[in-house]
Amino acid sequence: MTTETNWFTKAVFYEVLVRTFADSNGDGVGDMQGLTSKLDYLQWLGVDCLWLPPFFSSPLRDGGYDVADYTNVLPEFGTIEDTRALIAAVHGRGMRIIIDFVMNHTSSAHPWFQASRTDPTGPYGDFYVWRDEPDEYLDARIIFIDTIDSNWSFDEVRGQYYWHRFFDHQPDLNFENPRVFEEIQDALRFWLAMGVDGFRLDAVPYLIEQDGTDCENLPGTHALLKRVRAMVEEEYPGRILLCEANQWPQEVIPYFGDGDECQLAFHFPVMPRMYMALAREDKTCLVDIIAATPPLPPGTQWGTFLRNHDELTLEMVTPAERDFMWDFYAPEPRMKCNLGIRRRLAPLVDGDVQRIKLLHALLLALPGSPVLYYGDEIGMGDNIWLQDRDGVRTPMQWDNSPGAGFSTADPSTFPFPIVDSPGFTQDVVNVEAQLDDPDSLLHWLQRTLSVRRELEALALGDFVDLEGDNAAVYVVARQWGDQRVIAAFNFSASAQTATLTPGAFDPESVHVLVGGAAFGDHEGAPTMTLASHGFAWLVAR
């Protein structure tokens, strides 16, 4: 690949779980070779960059985010050579690949932690945060409120408490020890040398602890990230760091630094507000969060998404908004997970293809690099009865065979069962059937991504809210050079008309590229009428 440094600003990312995407050897588990065999499909779809959640050696008690070896592949996923071949195949198609890297913590099965438990004065004795009493950092919130009640756990072997921001089998690393950072940096170099195009840095707000604070977003954390970025810039220019910081926008902005920390950061608060606007049939919550988002430093970009491998988090909404979202989208208690919702995109909107299209058209028009989640392009369902967040990590449905084309093995051996919810089984929802149907959701998304690729304004342009008079209709403009794209979205279940400010656009000189709308004039101001949950992307001629 080239060393172009701003490639990520125009990229469409695709998150794909190796474990449940495609099984090449019939053992019932997805693997690197299986993913490699599906790259032509992803290239056709319009993916610019793959994002792989952890595939390192792990007990898999938290989907691989419990890392037991930073520089090895879980054997059931394949080998280092398989991974190297995948990276080469991705690059050979003009695509890129980033991988998850969990800096904050390891698995309790990691050799470092086992050595730290058994030999407190040895070389790994202070690789983790140990205390005689659990009386520090008490202002730090508990993240997994469904499963743990303290960020401290007692270890019988060492006879001390260790610190963990997530599950008790995921002890936090101690970055006050310089050797910890050196080991992490060497692991990053290992994958960079293999050719990955960057990292999604997991849970970075929690790297450093300080008593009397909430132990989030501390100066020491930013100092570490600056050192990582400096190494990447010097040794591997063109590679990127994507920050996972589930925080308010003003708290995330520092993770870009002065162009010397992460190039990308997820905009978590935008995500639930897209669903909230749809549920309320009112754009106000979305308008407000975008207006409250500070400008980005040059050379950086937001990452935006509709769903991912985690719960649909509701941390970045008010308690009243959270209750509304739970009532609307999670009517059964089992649908809730932590401070969020354990459901996929399609079931959230009752499998309604029009609303799925509306949300994707909105995602692709908002500021940021969009991240798609595997299976959402065909409207895959979920299984809320699986443990924790596993219900949105079920096998990809390639065809209508008993194994859904994911594997030839007995489906009972799969990591998770194929979705069996009515309307979402593999005989109803699968890639093969949608490839054969030019009017399918899959073909619509492929065409829409192709259109977006030609519209640099949607990736790079200035963003202006055109402030129509109808709260159900959201109309925005993106301007890049001479190119002006207008995008409109109707959050209502009924047809709606919005009157915009005079001069917003000339109804006689616009061309609809995606969706559909009717135009008119009201006392010298342009009007736009959209069907139920309708949307349109327009260009001014």
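**Exercise 1. Which residues in H5 meet which residues in H6?**

Before starting, note that this is a predicted model, in which local features need pLDDT of at least 70, side-chain atom pairs count only at pLDDT 80 or more, and totals for chains, interfaces and linings use all residues. Residues are numbered from 1 along each chain as its sequence is written, and side-chain values use heavy atoms, with hydrogens and water left out.

Solution. 
- Step 1: Find the two helices. Helices (H or I, at least four residues) and strands (E, at least two) are DSSP runs, numbered from the N terminus. H5 spans residues 178–194, and H6 spans residues 219–235.
- Step 2: Look for contacts, meaning heavy atoms within 4.5 Å. From H5, Phe-181, Gln-185, Leu-188, Arg-189 and Leu-192 meet Leu-224, Arg-227, Val-228, Met-231, Val-232 and Glu-235 of H6.
- Step 3: Recall a general point about spacing. In an α-helix there are 3.6 residues a turn, so residues three or four places apart point the same way.
- Step 4: Describe the crossing. The axes of H5 and H6 come within 11 Å and cross at roughly 35°; axes are lines fitted to C-alpha atoms, for helices over the stretch in contact, and angles run from 0 to 180 degrees between N-to-C directions.

**Exercise 2. Describe how helix H8 is covered, and what its buried residues pack against.**

Solution. 
- Step 1: Count the buried residues. Buried means under 20% relative accessible area, exposed over 50%, and partly exposed in between (1.4 Å probe, protein chains only). H8, residues 270–280, has 10 of its 11 residues buried, among them Val-270, Tyr-275 and Ala-279.
- Step 2: List the neighbours. The buried residues of H8 pack against elements including helix H9 (284–291), strand E12 (301–305) and helix H10 (319–329).
- Step 3: Take H10 as one partner. Residues of H8 including Pro-272, Arg-273 and Tyr-275 meet Glu-321, Phe-324, Met-325, Phe-328 and Tyr-329 in H10.
- Step 4: H8 and H10 have axes 11 Å apart and pack at an angle of about 65°. They are therefore roughly perpendicular (65 to 115 degrees; under 35 is roughly parallel, over 145 roughly antiparallel and the rest oblique). Their crossing is left-handed.
- Step 5: See what follows the helix. After H8 comes Glu-281, whose phi is positive, near 55°.

**Exercise 3. How many aromatic pairs are there, and what do two of them look like?**

Solution. 
- Step 1: Apply the rule. Rings of Phe, Tyr and Trp (its six-membered ring) pair if their centres lie within 6.5 Å; planes under 30 degrees apart count as stacked, over 60 as edge-to-face and the rest as tilted. The count comes to 40 aromatic pairs.
- Step 2: Examine Phe-113 and Tyr-162. Their ring centres are 5.2 Å apart and the planes lie at 70°, so this pair is edge-to-face. Phe-113 belongs to helix H4 and Tyr-162 to strand E8, so the pair ties together parts 49 residues apart in sequence. Phe-113 is buried, at 2% relative accessible area, and Tyr-162 is buried too, at 8%.
- Step 3: Turn to Phe-505 and Phe-519. This pair is also edge-to-face, with 5.8 Å centre to centre and 80° between the planes. Phe-505 is buried at 7%, whereas Phe-519 is partly exposed at 28%.

Methods
A crossing is left-handed if the near helix is turned anticlockwise from the far one by less than a right angle, and right-handed if clockwise.
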